[in-house]
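This briefing sets out what can be read from one model, topic by topic. Please consult the sequence and the coordinates alongside the text.

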Amino acid sequence: MPFCDRCKNPVKPADLVCPHCGLQLKAHGHPSIELYQTLGEDVLCESCLYHQDDSCTFPQRPLAKSCTLYQSIHASREEADLPRPAMSSSFSASMFWQRYKVWVILGAIFGISFLLTVF
C-alpha cells in the first residue's frame, strides 16, 4: 500500500487526495495519472531525465515542483544496469505470430488460391 509523501499515512492506490492531510496524489482527477511532487524548496527538474536531455515540454520547467512527466535519472541508470534476458528462437517466432497473425493467414490463403488456379 502506498504512503502519502507529506503525512506518511497509508493511502489507497486509487485515492485522488490524501484523506489525512489533503495532499493531491493524482493529476487531473484521474486515478491512473501519477502526480510527482516535491516537498519544500526542491525542484523536480534537477533530477529528471527529460530535463537532462532537453526534451521536456512541461510549461513550469525548470522550476516545476509537481509534474506528471517526471522520470528519475537514478531509475533509468538502475534499469540500464540490469541484465536483459536473451531472446530465444521460439520466443521470437511466437512474437512474430502474435504480431503478424492476420498477414500470415491472408498470405497462406492467397498462396493456396494461387496454387489452385495454376495447377
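Predicted model: local features only at pLDDT ≥ 70, side-chain atom pairs only at ≥ 80, totals over all residues.

A residue is termed buried when its relative accessible area is under 20%, exposed when that area is over 50%, and partly exposed in between. Cys18, at 3% relative accessibility, therefore counts as buried.

**Nonpolar cores**

- The largest nonpolar core comprises 9 residues: Val43, Leu44, Cys45, Cys48, Cys56, Phe58, Ala64, Cys67 and Tyr70.
- Another core, of 5 residues, lies apart from the largest one and includes Cys4, Val11, Cys18 and Leu25.
- Cys56, a member of the largest core, is in contact with Tyr50, His51 and Arg61 when its neighbours within four places in sequence are left aside.

**Cysteines**

- The count of disulfides comes to 0.
- Cys4 takes part in no disulfide, and the nearest cysteine sulfur, that of Cys21, is 3.6 Å away.
- A disulfide requires two cysteine sulfur atoms within 2.5 Å; the sulfur of Cys18 lies 3.6 Å from the closest cysteine sulfur, in Cys7, and is therefore too far for a bond.
- Cys4 has a relative accessibility of 1%, so this residue counts as buried.
- Cys4 and Cys18 both belong to the core of 5 residues.

**Cavity**

- The structure contains 1 cavity of 30 Å³ or more.
- The volume of the largest cavity is about 60 Å³.
- Its lining is formed by Leu44, Cys45, Cys48, His51, Cys56, Phe58, Ala64, Cys67, Leu69 and Tyr70.
- Classified by type, this lining has 9 nonpolar residues, 1 polar residue and no charged residues.

- The largest pocket holds about 280 Å³ of space.
- It is lined by 17 residues, of which Asp5, Leu25, Glu34, Leu35 and Tyr36 are the closest to its centre.
- The lining of the largest pocket divides into 11 nonpolar, 2 polar and 4 charged residues.

**Salt bridges**

- The count of salt bridges comes to 3.
- One of them joins the side chains of Glu34 and Lys26, with an N to O distance of 2.7 Å.
- In this pair, Glu34 is partly exposed, with a relative accessible area of 38%, whereas Lys26 counts as buried at 7% relative accessibility.
- Glu41 and Lys65 form a salt bridge in which the closest N and O atoms are 3.6 Å apart.

Note on methods. Residues numbered from 1 in each chain as written. Heavy atoms only, no water. 1 Å grid on protein atoms, 1.4 Å probe; cavity = no way out; pocket = protein on both sides within 12 Å on 5 of 7 lines; lining within 4 Å. Points joined across faces, edges and corners; volume = space filled by probe spheres on them. Nonpolar A, V, L, I, M, F, W, Y, C, P; charged D, E, K, R; others polar. Core = buried A, V, L, I, M, F, W, Y, C linked by side-chain atoms within 4.5 Å. Buried < 20%, exposed > 50% of the residue type's maximum accessible area, 1.4 Å probe, protein only. Contact = heavy atoms within 4.5 Å. Salt bridge = Lys/Arg side-chain N within 4 Å of Asp/Glu carboxyl O.
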